[in-house]
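Here is a short briefing to read with the model open beside you.

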Amino acid sequence: MRVQTGVSFLFALVLACQAKKDYSGYQVLTTGKLSPVQVDALRNLQTSDERFDFWKEAHPDGAADVMSSADHLTALKEFLTKHNIDYSVKIQDVGEAIQISEKPSPTKKSNPNARYNLNWDEYGSHDDFNEFIEEIASQNSWASVRSIGKSVEGRDMKVLELTKGGSGAPNIFIEAGIHAREWIAPAVATYTVKELVENYDSHPEYLDNFNFYVLPCANPDGYEYSRSTVKSGVSDSPCSDVFCGYTPTSEIESQNIKAFYSTLSPVPELTVCFHSAANLWLYPYGYAYDSYPDNVDEIRRLGEDAVDALNAVNGQSFECINSAELYPAAGASDDYYASLGSRFVYTPELRDNGFGFVLPPEYIIPSGEEVWAAWKVMLDKIMPNKE
Ligand SMILES: [Zn+2]
C-alpha cells in the first residue's frame, strides 16, 4: 500500500505501536466489488473505528480487505451486511498465517560456504540486508555502501550504490520496505540486486549502462518490530493514516531518504518503490484523480510492458494503473520522486496470493523472478542509445 497522510509531509513512515499483540483468532475478510456508496461507507469505518485494520483500502470496483479480532468480527460482519457488501473469509486465522510466514532468521550455519546470511527462502533481518549489501560492495570495485543516516532507534540506513555505469549514466533508485509489514518488498529489492550483480554475465549491459542506488529497507525500526517484537508480520503499522505510530520523529527516515535522493545527479531516470500486496504496478500521480506527469503516455506504456513480462513468468495477473485509480492518497513517496523530475516512477504492489501481508516465504523467489522480468523490459527500453 502507499502512504496516505493528508498532511503536508512529502511522505511519511509509520512505526509500529509498542505493544505486544497476539493475532490468534483474528480474521481477514475480503469484500466483493464495491460501489461508490459502499466505498464511502468503508472509508468512514476505516477512519472512525480503530477496531478494524484495513489491509486493502476500499476503492470503486475493487475489493477491500479488513482484519478484525474475534471479539469484533460479528460487528464487522453486521456492518458489511447492513451496507449490502458481499464478503468472504480471506485469512481464517491471522495468528496461524503469521507463524507460517515467520521463520527464524536465515543463518550461514545451514550453508557454511555462504558469504552472507541472506537467502531468499526466508525473510531476512535488517542486519541481513545490510550485511548482504556490504558483501556485494566488498566484492566489486564499482559497488559501495553509503550510510544515509540513522533510524529513530539508531539503525543504520544504508544504500547500495552500483556505479559501474559511470559518471553521467542514467541513475536508477530502488526504495523498498517503507511499510514495515510488507516483508516481500525488501526481499524482492535484494533479489534484484543479487540478479544484477551475481548474474552479471547473463546481462552485463544493465550494470554497464546504468547506476543503481538501492535502499532495501526504508523503515528498519518498523521492519524489525514487525518481524520480531510482536511475533507478527501484521503489527499495527499499516499504510493508512488512521493507526497509531505517527509521531514527529517518525519522519527522520523520510528525511534521510529525501536528503540522499537530492544528491543523485542526474535525477534518476527510473525510480521504483516496492510495496505489497495488491498485484498492481502503479504510476503517478496519486494525490488526486486525473493528475499525471507530462510524460504519462510513455510511463503507462513502459509500465504495461513491464507488467506483461511479469505476468508471463508465473501467470500472475498484475495490472498497471494510475495510483489515484486505486485511491487518491496525498503525500506518497512516488509522487515526490516524480515531482522532482524522475522520468519513470513506479510503485509495484507485489503479490497478494490470498495472503495479504503475510505472504509465505516460498513466494519470495517466484516474486523475485517475475519482477526481474519486469526489470529487464524497463531497462532494455530505457537503455542509453537504444531509444
Ligand atoms: Zn505499502
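Where does UniProt place the feature "active site"? The unreviewed entry puts it at Glu-349; UniProt positions follow the numbering used here, feature names are shortened, and annotations may be inferred rather than shown by experiment. Please keep in mind that this is a predicted model, in which local features need pLDDT of at least 70, side-chain atom pairs count only at pLDDT 80 or more, and totals for chains, interfaces and linings use all residues. Residues are numbered from 1 along each chain as its sequence is written, and side-chain values use heavy atoms, with hydrogens and water left out.

**The annotated site**

- Glu-349 sits in strand S12, which covers residues 344-350; helices (H or I, at least four residues) and strands (E, at least two) are DSSP runs, numbered from the N terminus.
- Glu-349 counts as buried because its relative accessibility is 1%; buried means under 20% relative accessible area, exposed over 50%, and partly exposed in between (1.4 Å probe, protein chains only).
- The Glu-349 side chain comes to 3.4 Å from the backbone nitrogen of Ala-277. This is a polar contact, meaning a pair of N or O atoms within 3.5 Å; within protein, one must be able to donate a hydrogen and the other to accept it, and residues adjacent in sequence count only if both atoms are side-chain atoms.
- Ala-277 itself belongs to the loop between strand S9 (270-276) and strand S10 (280-283).
- The peptide bond leading from Ser-276 into Ala-277 is cis, with omega near 10°.

**Nonpolar cores**

- The largest nonpolar core has 59 residues, and Leu-162, Leu-270, Phe-274 and Trp-375 touch the most other members. A nonpolar core is a set of buried Ala, Val, Leu, Ile, Met, Phe, Trp, Tyr and Cys residues joined through side-chain atoms within 4.5 Å.
- Helix H5 (residues 184-198) gives the most to this core, contributing 9 residues.
- Another core, of 18 residues, lies apart from it and includes Ile-257, Leu-264, Cys-273 and Tyr-285.
- Leaving aside neighbours within four places in sequence, the contacts of Phe-274 (heavy atoms within 4.5 Å) include Pro-348, Leu-350, Val-371 and Trp-375. Ala-185, Val-188 and Ala-189 are also among the residues in contact with Phe-274.

**Helix H2 and its surroundings**

- Which residues of helix H2 (residues 73-82) are buried? They are Leu-73, Leu-76, Phe-79 and Leu-80.
- Viewed down the axis of H2, these buried residues fall within an arc of 125°, so they line one face of the helix; the arc is that of the directions from the helix axis to the C-beta atoms.
- Thr-74, Glu-78 and Lys-82 are exposed on the face of H2 turned away from the buried side.
- The packing partners of the buried H2 residues are strand S1 (27-31), helix H1 (36-48), strand S3 (65-68) and strand S4 (87-91).
- Ser-68 is part of strand S3, and a polar atom of the Ser-68 side chain lies 3.3 Å from the backbone nitrogen of Leu-73.
- Ser-68 counts as buried because its relative accessibility is 1%.
- Not counting residues up to four places away in sequence, Ser-68 touches several residues, including Tyr-26, Phe-52, Leu-73 and Leu-76.
- Just after H2, Asn-84 takes a positive phi of about 55°.

**Backbone details in loops**

- Pro-284 and Tyr-285 are joined by a cis peptide bond with omega of about -5°, and Tyr-285 lies in the loop between S10 and helix H9 (296-314).
- Asp-290 is found in the loop between S10 and H9 and has a positive phi of about 55° although it is not a glycine. Asp-290 counts as exposed, at 67% relative accessibility.
- Asp-61 lies in the loop between strand S2 (53-56) and S3, with a positive phi of about 65° although it is not a glycine. Asp-61 is exposed, with a relative accessible area of 59%.

**Cysteines**

- How many disulfides does a search of the whole structure find? The search finds 0, where a disulfide is a pair of cysteine sulfur atoms within 2.5 Å.
- Cys-217 is buried at 2% relative accessibility, and Cys-273 is buried at 0%.
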